[in-house]
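Please keep the structure open while reading.

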Amino acid sequence: MTKILGIETSCDETSVAIVKNGVDVLSNVVKTQLVHSKFGGVVPDLSSREHVNFILDVARESLRKSNLEIKDIDAVSVVNGPGLVGSLMVGVSFAEGICIRFGKKLITTDHIVGHIYGNVLTYKKISLPMLSLVVSGGHTSIFFVNKDFEIKTLGKTKDDAAGEAFDKCAKILNLGYPGGPLIEKFSKNGDEKFYRFPVSRLEGYDFSFSGLKTSVLYYKRKMGEEFVKENISNIAASIQKAIVEQLLSVFEKCFEDNKNNIKSVSIAGGVSANGYFREKFKKLFENRVDNIYIPSMEFCTDNAALTAGLAYLKYKKNIFSELGVKVFSRS
Ligand code: KG4
Ligand code: ZN
């Protein structure tokens, strides 16, 4: 029985989880920082400060919920990138502090691979190789995941991530932050065919979302605040459709070219919490691939069970980190 305590502080969620044998989530405490909402996006300095404020209580709560004490933990894992450097440093310092004080082994994990691992936490066992569409606030990429859970990038965004596009469009529409869940909420009663926002189509398997944000801005200027307010549901639904349409068309192209080498497809990352996206993805691949994986809501957005689960793969291979871990902002 291997119990790993995982720490996630890469962006605006302070989270500590305990996962047994890479799949059984004993606790997964997530504290979302609310200070950023009035700024329409995450403010890095505030994020680091909030992590410092929250991390000890979140860790204590995680141990309490799992009915474990620190002596019962076999190793500590921490996300060391990609993410906000100052925020990552808080998590890494905290993890190293535990390792020094209690003599634990340290494992580092990648935030993006963690998101993909959300599918393992959801389904316990998954068929690999897999093609995975990772869509978050910082990333929009297609990965080939091999049998050892190693990843190779097949395509990625050239500018904004899809989650960022949701957030920026929501900001233009004065909906608030984070924009993804708000655009989804307003879309519920809207007509997605109300307005056709442009959908970029790039060569290969790359994405681009910056044009969408600009066109939403111009649309608002042209139609006026009042019109936007009155038609907010239709506009939100039209934006959601444009984002999901691009995600699916690029991924489908990649799938067609790689389908003989894979056993499954999956989505991952914060945007995969979007109900419209989940439904469309499932429909698109029904009867076209043996396994379709869609992470449960709990494992879509940032949470520490992703690192605590993923770290087990390194634990089994005796791969540990020395103290003095470096953090990185981009993959
Ligand atoms: O993975 P995540 O929690 O953090 C990053 O690693 O970036 O993803 C956060 C992103 C935000 O941009 C947020 O607006 C988006 O995921 N998101 C959603 C939904 N829930 C979160 N986007 C669309 N629909 C949602 N329901
Ligand atoms: Zn994330």
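A salt bridge here means a side-chain nitrogen of Lys or Arg within 4 Å of a carboxyl oxygen of Asp or Glu. By that rule, the interface of domain 1 and domain 2 has 0 salt bridges. The model is predicted. The domain assignment places residues 3–115 and 299–316 in domain 1, and residues 128–289 in domain 2.

**Domain interface**

- The C-alpha centres of domain 1 and domain 2 are 27 Å apart, and the contact takes 14 residues from domain 1 and 13 residues from domain 2.
- Between the two domains about 1100 Å² is buried, with carbon and sulfur atoms giving 75% of that area.
- The size of an interface is often given as the accessible area lost when the parts come together.
- Across the interface of domain 1 and domain 2, 1 residue pair is in polar contact, with both residues at pLDDT 80 or more.
- On the side of domain 1 that touches domain 2, the elements giving two or more residues are α3 (111–123) and α10 (305–316).
- Helix α3 supplies the largest share of that side, 3 residues.
- By residue class, the side of domain 1 that touches domain 2 has 8 nonpolar, 5 polar and 1 charged.

**Salt bridges**

- The count of salt bridges by the rule comes to 16.
- One of the pairs is Lys-124 with Asp-24, whose side chains meet at 3.8 Å, N to O.
- Lys-124 sits in the loop between α3 and β6 (130–135) and Asp-24 in strand β3 (residues 24–32), so this pair ties together parts that are 100 residues apart in sequence.
- Side chains of opposite charge can pair when their charged atoms come close.

**Surroundings of Glu-245**

- Glu-245 is part of helix α8, which spans residues 232–258.
- The side chains of Glu-245 and Arg-196 make a polar contact at 2.9 Å.
- Apart from neighbours within four places in sequence, the residues in contact with Glu-245 are Arg-196, Val-199 and Arg-201.

Key
Residues numbered from 1 in each chain as written. Chains lettered and ligands numbered in written order. Predicted model: local features only at pLDDT ≥ 70, side-chain atom pairs only at ≥ 80, totals over all residues. Heavy atoms only, no water. Domains from an automatic or database assignment. Contact = heavy atoms within 4.5 Å. Buried area = accessible area lost by both parts, 1.4 Å probe. Polar contact = N/O pair within 3.5 Å; in protein donor to acceptor, adjacent residues only side chain to side chain. Helix = DSSP H or I, 4+ residues; strand = E, 2+ residues; numbered from the N terminus. Nonpolar A, V, L, I, M, F, W, Y, C, P; charged D, E, K, R; others polar.
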